[in-house]
Amino acid sequence: MLSRLLGGSSPAHAELLSYLFFQPEFAGGDRCRPRGRIRPMSRITTIYDHRTTATEVAAGIDLSGRRAIVTGAASGIGLETARALARTGARVTLAVRDVAAGEQAAEDIVATTGNEGVDVAHLDLADLASVDAFTSAWDGPLHVLVNNAGVMATPEGRTAQGWELQFGTNHMGHFALALGLHHALAADGAARIVSVSSSGHGASPIVFDDLFFERRPYDPSLSYGQSKTANVLFAVEATRRWAGDGVTANALMPGGIWTNLQRHWSAEHRAEQEAFAARAGDAIPMKTPQQGAATSVLLATSPVVEGVGGRYFADCNEAEVVPEIRGLTGVRDYALDPVAARRLWEVSLELLDAARADAA
Ligand SMILES: NC(=O)c1ccc[n+]([C@@H]2O[C@H](COP(=O)([O-])OP(=O)(O)OC[C@H]3O[C@@H](n4cnc5c(N)ncnc54)[C@H](OP(=O)(O)O)[C@@H]3O)[C@@H](O)[C@H]2O)c1
């Protein structure tokens, strides 16, 4: 599965396409023309790489008085993202579906950072009623929203609204969350949304005529891939629509990290994948959760990406567009396609409206 999700064994074989330096839709969409300051489309590189930790990225950043939300912050990359944000002095809300686990994580973050401003709130992204309850309860401006939570390779399943589980959780839940928090983000004046995607997006574009695997056999890799493509397209369209409100969104691949994400793999499959990663060595460098959180924290806090939106990063650098994902760092052109991004937004809105009408 890892080899399949990552798309091959060696990034050295990847043929890189020249980067798309200009996206007309993004730069000047009709009714959504950004009024804010948006940086021109040149590829962003930093001094950081796959070894960099979230703590290193956050060093020297002061977000005192600002607020941040991290979804799925009770474990893995989300926990380390929240910890690094707490180190900046921001007040951080851990948005979690297991509140007891969230409270333990909060205690740990307070103890390691000295920042007492760590809150825990219930959020189940697979249930629109829970997302709506979370957004209704939110009060005041929001500076950073990290859409980090996710599920991978689940057996076939459905959310409370009947949406396919991986697309429903990873994309629809975060889409509804961001929409519900838009007013709070806009109130900040310079807010950032961080959309945690994956190189797994290389497994599938958005299949608009069968989003929920109703006309084809369910495939956990294709389903995960589609949901992770949606995470990138969300960042593209959110920036086009909301940059004028001072809200930008970027997507990222955190890297390969052994976490609870792989919980649906069999022990045998996990062992095979660990052996594959070990054989691949530097071609597929596995990271610690602290390293895995670094790109999220860069996008959430760094001046390097101020005013930047609609882009995809990996290892703390903007990714290059590649014809096929063979390693951990490239991005497919279909994930950055502004037309698909707009269509996905409209379809997602229709799904939300239909679900709310059904519930009424
Ligand atoms: N690890 C990697 O190699 C890797 C690679 C590429 C991308 N990513 C992405 O990184 C993100 C974080 O994953 P991770 O590796 O840190 O895995 P993780 O430790 O399993 O974290 C995922 C978090 O999402 C939460 N979550 C799952 N379903 C949820 C729901 N319905 N509502 C609210 N929260 C929910 C989980 O909560 P519970 O504990 O309650 O289930 C968990 O805390 C994911 O978006 C994943 O796709 C990870």
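This is a predicted model: local features need pLDDT of at least 70, side-chain atom pairs count only at pLDDT 80 or more; totals for chains, interfaces and linings use all residues.
**Notebook: helix packing, sheet, ligand shell**

I then listed the contact: H8 contributes Ala230, Leu233, Val236, Glu237 and Arg240, while H12 contributes Pro338, Ala340, Ala341, Arg342, Leu344 and Trp345. By class, the residues of this contact are eight nonpolar, no polar and three charged.

**Sheet**

I traced an open sheet of eight strands, in the order S3-S2-S1-S4-S5-S6-S9-S10, with mixed pairing. Its edge strands are S3 (118-122) and S10 (317-318), each of which pairs on one side only. At the S3 end I looked up the pairing of S2 (residues 91-96) with S3, which is parallel and has five bridges. Ala95 stands opposite Ala121 of S3.

Next I checked which helices lie on the sheet. Helix H7 (residues 165-188) packs on it and touches S1, S4 (144-147), S5 (191-196) and S6 (247-253). The direction of H7 makes about 165° with that of S4.

**Ligand shell**

I counted 28 residues around the ligand. The closest are Gly72, Gly76, Ala149, Gly150 and Leu261. Helix H4 (76-87) and strand S7 (256-257) each supply at least two residues of this shell. H4 gives the most, with three residues. I sorted the shell by class and got 13 nonpolar, 12 polar and three charged residues.

**Arg66**

I looked up Arg66, which sits in the loop between helix H3 (54-58) and strand S1 (67-71). Is Arg66 buried or exposed? Arg66 has 20 other C-beta atoms within 10 Å; the cut-off for buried is 20 or more, so Arg66 counts as buried. Beyond its neighbours within four places in sequence, Arg66 is in contact with Ala90 and His143. I also took the C-alpha separation of Arg66 and Leu142, which is 7.1 Å for a pair 76 residues apart along the chain.

**Helix H11**

Last, I checked burial along H11 (residues 294-301). Eight of its eight residues are buried, so H11 is largely enclosed by the rest of the structure. I wrote them down as Ala294, Thr295, Ser296, Val297, Leu298, Leu299, Ala300 and Thr301.

Methods. Residues are numbered from 1 along each chain as its sequence is written. A residue is near a molecule or strand if its C-beta atom, placed from the backbone, lies within 6 Å of it. Helices (H or I, at least four residues) and strands (E, at least two) are DSSP runs, numbered from the N terminus. Ala, Val, Leu, Ile, Met, Phe, Trp, Tyr, Cys and Pro count as nonpolar, Asp, Glu, Lys and Arg as charged, and the others, Gly among them, as polar. A residue is buried if 20 or more other C-beta atoms lie within 10 Å of its own, exposed if 12 or fewer, and partly exposed in between; C-beta atoms are placed from the backbone. Two residues are in contact if their C-beta atoms, placed from the backbone, lie within 7 Å. Two strands pair if DSSP finds at least two bridges between them. Axes are lines fitted to C-alpha atoms, for helices over the stretch in contact, and angles run from 0 to 180 degrees between N-to-C directions.
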